[in-house]
Amino acid sequence: MNAVIEIGTNSLKLLIYKDQPNFQVVYDKTSISRLGEDYHKTGKISYPALDRNIEEINNCLKICNDYACRQVSLYGTMIFRAAENSQEVLTKIYQKTKLNLQILNGEEEAKYSFLAATSSLSLADRKILVVDTGGGSTEFISGSKTQINYQTSLELGAVTLTDLFSLDKRVNLETLTRAKNYINKQLASLPNFPHPELIVGIGGTVTTISAIVQKLQVYSAQKVQASTIASRQVTELIAQLACKNFQERQSIIGLSAKRADIILGGVLIINSILDKFEKNDILVCDNGLRYGLALKEGRKK
């Protein structure tokens with residue numbers, strides 16, 4: 001057994017897998033650990049958020065020990081690239097966990113998200129755009145099952161947008177319009193690349209939207225994987241979320257209470273992406289970045 005721990009702005013994910021004789025996921029867990037809490041106010045990772053995440057890493061290591069994992073790889077995404085105190089944070093993580101955290105650059109993050117999607121979905125040889133929307137960034141990867149033609153990362157995520165426009169509460173039309181205009185301005189910076197035949201979504205936003213649309217009382221990766229979300233369902237969800245406060249959102253079937261504050265920001269990003277590329281739906285991939293990283297680690301051996 002081996003394991004990958006992936007830390008993002010909003011969540012920490014543990015994937016334990018076998019790579020012999022064939023790749024197989026044995027254990028998969030996501031924790032909402034909020035490393036990026038207050039980051040946009042200070043430009044730094046806060047000590048309470050860091051301590052919370054170190055505790056969660058050590059919890060993951062106990063699970064890895066139970067599974068007799070030979071190797072545990074620790075990866076970090078956008079927030080580690082951007083935080084002013086990133087080096088200090090890496091040092092403290094090593095002191096408390098004895099793990100060296102590897103910071104993925106935007107291209108690497110995009111590459112392994114694309115690998116996760118193309119390895120776990122039946123895509124034939126269609127022109128696809130994989131969109132990985134996280135807490136602090138969104139990766140865009142254009143290509144086909146066999147190759148990547150274009151990839152980039154925007155500092156545009158569910159947590160980012162929530163902090164900028166206070167989307168964790170009931171919001172009015174003016175606020176929604178300002179948030180959408182901000183997203184569209186960011187998306188306008190994307191260079192021109194071939195229009196995709198299909199958009200594939202990865203990350204907590206699209207998997208949560210799928211769970212809400214399917215009214216899943218208990219999250220099911222099997223039901224979410226390869227599900228399709230229509231653009232009208234995304235638009236309807238924006239209206240549903242905007243008129244509810246944080247407590248009211250927590251009662252929505254399929255929405256984890258720990259995502260209730262940031263979900264509107266993520267849904268707005270997905271809505272704008274579908275509009276930009278004039279697509280009526282998005283295909284959901286539950287196997288996210290951690291899955292691609294595990295495949296990469298397995299291929300090293």
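Two strands count as paired if DSSP finds at least two bridges between them, and strands themselves are DSSP runs (E, at least two residues), numbered from the N terminus, as are helices (H or I, at least four). This is a predicted model, where local features need pLDDT of at least 70, side-chain atom pairs count only at pLDDT 80 or more, and totals for chains, interfaces and linings use all residues. Residues are numbered from 1 along each chain as its sequence is written, and side-chain values use heavy atoms, with hydrogens and water left out.

Start by selecting Asp132, which sits opposite Ile202 in strand 9. Strand 9 (residues 198–202) runs parallel to strand 6, with 5 bridges.

Now colour strand 6 (residues 128–133): 6 of its 6 residues are buried, meaning under 20% relative accessible area (1.4 Å probe, protein chains only). In a regular strand the side chains alternate between the two faces of the sheet. Here one side carries Ile128, Val130 and Asp132, the other Leu129, Val131 and Thr133, all buried.

Next, go to strand 7 (residues 138–144), antiparallel to strand 6 over 6 bridges. The two make a hairpin with 4 residues between them; pick Leu129 and you'll find Ser142 as its bridge partner.

Then hop over to the open sheet of 5 strands, ordered 3-2-1-4-5 with mixed pairing. Its edges are strand 3 (24–32) and strand 5 (101–103), each pairing on one side only.

Terms used. Buried means under 20% relative accessible area, exposed over 50%, partly exposed in between (1.4 Å probe, protein chains only).
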